[in-house]
Amino acid sequence: MSKTLLIVCLLFLSFAPVSHAGVVELLNGDRLEGELVSIDADNLLWRSKNFGDQNIKKTNIKNIQTHVALKINGNNNPCYLEPMDAEYLRYRCGESAPVKRASLLRIKTLIPYDTYVKDSYVHHGRIHLWGAYSRGNEVRNEWNAQGEVNLRRNDFRHVISGEFARASWNYATAQERWNLHYSLDWFMGEHWFWYNSVLIGADPQRGMRSYERLGSGAGYQFYENKTMTLALRSGLALHDESYQLLEGVTGDYVLEDDFVALGVALDFSYNLPWGVGIFHNNEVLQSTEDDPNLQLKTSTGLSTMILKRIYSEFKIDYWLDKDPQPARQPKDTRMSLGVSYKW
């Protein structure tokens, strides 16, 4: 009777459902059982059975094992992880689908598929401030504020950025420069995305009373890992510009213009040890008019961490306009040193 009971118990256990807890393995050899909650730009949020929610830096992860279906950008079907290969996630989105690879450090949003269906948001941003004030032989007031916020929802990324600057010398009327930019990026694959953008602003120092731009095109993310990011964008833009002339300028000049331009932009950053980073962003626009104009804008800089989330930033901005407004120079260069707060 006891042998029969033992066999029945063994059969029951063999057919009973088994709980397959996930495991994250760290480079130091530690293993944590639990399940993946989410992945953002820097960390893995892991829900451990014994220790609760744990934020683990991506750079400390050796392997992730989970049976939970995941949402990975560029894939509409739920994806399942295979064993990692160095820093690369290996995953399959469908039983007959091939195994794909993506750098864990490059993936900025990864969540369980059930969470994706219910919607999820990830955001980060940056605020940068610098200024100058002097009295005596030189009378000068100059202030500049810049900000940027990125909001990620599933395969869509919203980018909102802006700048406001106010400057005056020797009690002259202050000049104000400002711009506001919005871009919607749709990631159609691991690297490719489609962007649509709107830009408005004013720059009286360069003769621009106001300007508006609508742009659309394709982008490709070459790299985005712990040391380097590199992205390229190209597309078309519709410009509408309104100009202001200096007093005393004579001649028959147009005060507004609208045209279509071809644009190419490159965004690059490289992180060095001890919280030091370099970056370079540039954009080239070529109008399609009979007498085409070329415009170039670059921003190159160095940032150094002072405290957690607080950085000092040295930056050089350069503008080139091959067809400037009357009495304006075709080239502008600005060097600035300020403080940034990032989250």
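Residues are numbered from 1 along each chain as its sequence is written, and side-chain values use heavy atoms, with hydrogens and water left out. Because the model is predicted, local features need pLDDT of at least 70 and side-chain atom pairs count only at pLDDT 80 or more, while totals for chains, interfaces and linings use all residues.

**Disulfide**

Select Cys79 and Cys93, whose sulfur atoms lie 1.9 Å apart and form a disulfide (a pair of cysteine sulfur atoms within 2.5 Å). The torsion about the S-S bond of Cys79 and Cys93 is about 95°, so the disulfide is right-handed. The pair links distant parts of the chain, 14 residues apart: Cys79 is in the loop between strand E6 (70–71) and strand E7 (80–85), and Cys93 is in the loop between strand E8 (88–92) and strand E9 (100–103). Strands are DSSP runs of E, at least two residues, numbered from the N terminus. Both Cys79 and Cys93 are buried (under 20% relative accessible area, with exposed over 50% and partly exposed in between; 1.4 Å probe, protein chains only).

**Loop residues with positive phi**

Next, select Ala86 in the loop between E7 and E8. Its phi is near 60°, a positive value in a residue other than glycine. Ala86 counts as exposed because its relative accessibility is 60%. Then move to Trp274, in the loop between strand E18 (256–271) and strand E19 (276–287). Trp274 has a positive phi of about 65° and, at 78% relative accessibility, counts as exposed. Most residues other than glycine have a negative phi.

**Largest cavity**

Select Asn73, Arg106, Ile107, Lys108 and Arg152, the closest to the centre of the largest cavity among its 13 lining residues. On a 1 Å grid over the protein atoms alone, a cavity is a set of points where a 1.4 Å probe fits but cannot get out; a pocket is an open set with protein on both sides within 12 Å along at least five of seven lines; lining residues have an atom within 4 Å of a point. The largest cavity holds about 110 Å³ of space, and its lining has 3 nonpolar, 4 polar and 6 charged residues.

**Second largest pocket**

Finally, select Glu142, Trp169, Arg177, Gln205 and Arg334, the closest to the centre of the second largest pocket among 25 lining residues. This pocket has a volume of about 520 Å³. Its lining divides into 10 nonpolar, 5 polar and 10 charged residues.

Technical notes. Grid points are joined across faces, edges and corners, and a volume is the space filled by probe spheres set on the points. Ala, Val, Leu, Ile, Met, Phe, Trp, Tyr, Cys and Pro count as nonpolar, Asp, Glu, Lys and Arg as charged, and the others, Gly among them, as polar. Helices (H or I, at least four residues) and strands (E, at least two) are DSSP runs, numbered from the N terminus.
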